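Dear colleague,

I am passing on the structure below, followed by some notes on what was found in it. Please read the notes with the structure open beside them.

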Amino acid sequence: MKKALIFQGGWEGHEPEEVAHILAGILQKENFDVKVTDTLTTLEEDDLNAYDLIVPNWTQGTITKEQLQPLIDAVANGSGLAGLHGGLGDSFRWETDYQFMVGGQWVAHPGDDGITYNVHIHDPDHPLTEGMEDFTVVSEQYYMHVDPVVKVHATTKFPVADGDHQPNGEVDMPVVWTKKWGKGNVYYCSLGHVADIVRMPEVIELLRKGFVWASR
């Protein structure tokens, strides 16, 4: 049986505990043995190399070098890294090594919550998106700074909401991407502002596929 670690915490507005429970349920249905923790000390106390998949769900916050380096090393050694929204894409804002590993960083959500936007599936024949079609979300629309090496599997088009970014014209912003970090697979999905969005069938399916793909 594969092993997965979820560490949850940080900004409470993203409902980290409730979302972690949903993520654990997805993994358990895929026959993962799942450990959920609410402390970053786990990263320095556990042997992270023993996990086939690590799922950060920790928006903002701070992390020590003694906690971060074992995580970076475990992924480089082959543990998968996967997550969503601010729980992976807006963690530990001062840690550029972490952002380098993840492949991007949240910078804005023009119009804030309640924006209606489309998610476009790029490659419906890929294992990460196989059988999926474009769908609509009413939530935050994440504008990301993105590593150019990532492989993009789904996008959303900006601008939708008004803002100073509008004069730049239309841009396809990654929603789902993957990359490598050493021997490890990295998967990110920008959807999932709160638990109700994570529970959307399309989001559940994206995450299920992403977790399976990313795991060792």
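Two elements, β3 (53-59) and α4 (85-89), each give at least two residues to the lining of the largest cavity, where helices (H or I, at least four residues) and strands (E, at least two) are DSSP runs numbered from the N terminus. The model is a predicted one, in which local features need pLDDT of at least 70 and side-chain atom pairs count only at pLDDT 80 or more, while totals for chains, interfaces and linings use all residues. Residues are numbered from 1 along each chain as its sequence is written, and side-chain values use heavy atoms, with hydrogens and water left out.

A cavity here is a set of points, on a 1 Å grid over the protein atoms alone, where a 1.4 Å probe fits but cannot get out, and lining residues have an atom within 4 Å of a point. Grid points are joined across faces, edges and corners, and a volume is the space filled by probe spheres set on the points. On this basis there is one cavity of 30 Å³ or more, and the largest cavity holds about 40 Å³ of space. Its lining consists of His14, Val19, Asn57, Thr59, Leu84, His85, Gly86, Gly87 and Gly192, with α4 supplying the largest share, three residues. By class, the lining has two nonpolar, seven polar and no charged residues, counting Ala, Val, Leu, Ile, Met, Phe, Trp, Tyr, Cys and Pro as nonpolar, Asp, Glu, Lys and Arg as charged, and the others, Gly among them, as polar.

Turning to the sheet, nine strands form an open sheet of mixed pairing in the order β2-β1-β3-β4-β11-β10-β9-β6-β7, two strands being paired if DSSP finds at least two bridges between them. At its edges are β2 (32-37) and β7 (135-139), each of which pairs on one side only. Strand β3 pairs with β4 (residues 80-84) in the parallel sense over two bridges, and leucine 53 stands opposite glycine 80 in β4.

Two local features in loops may also be worth a look. The peptide bond from phenylalanine 158 to proline 159 is cis, with omega near -5°, and proline 159 is found in the loop between β9 (151-158) and β10. Asparagine 31, in the loop between α1 (16-29) and β2, has a positive phi, near 65°. For comparison, most residues other than glycine have a negative phi, and most peptide bonds are trans.

With best wishes

Notes: On a 1 Å grid over the protein atoms alone, a cavity is a set of points where a 1.4 Å probe fits but cannot get out, and a pocket is an open set with protein on both sides within 12 Å along at least five of seven lines; lining residues have an atom within 4 Å of a point.
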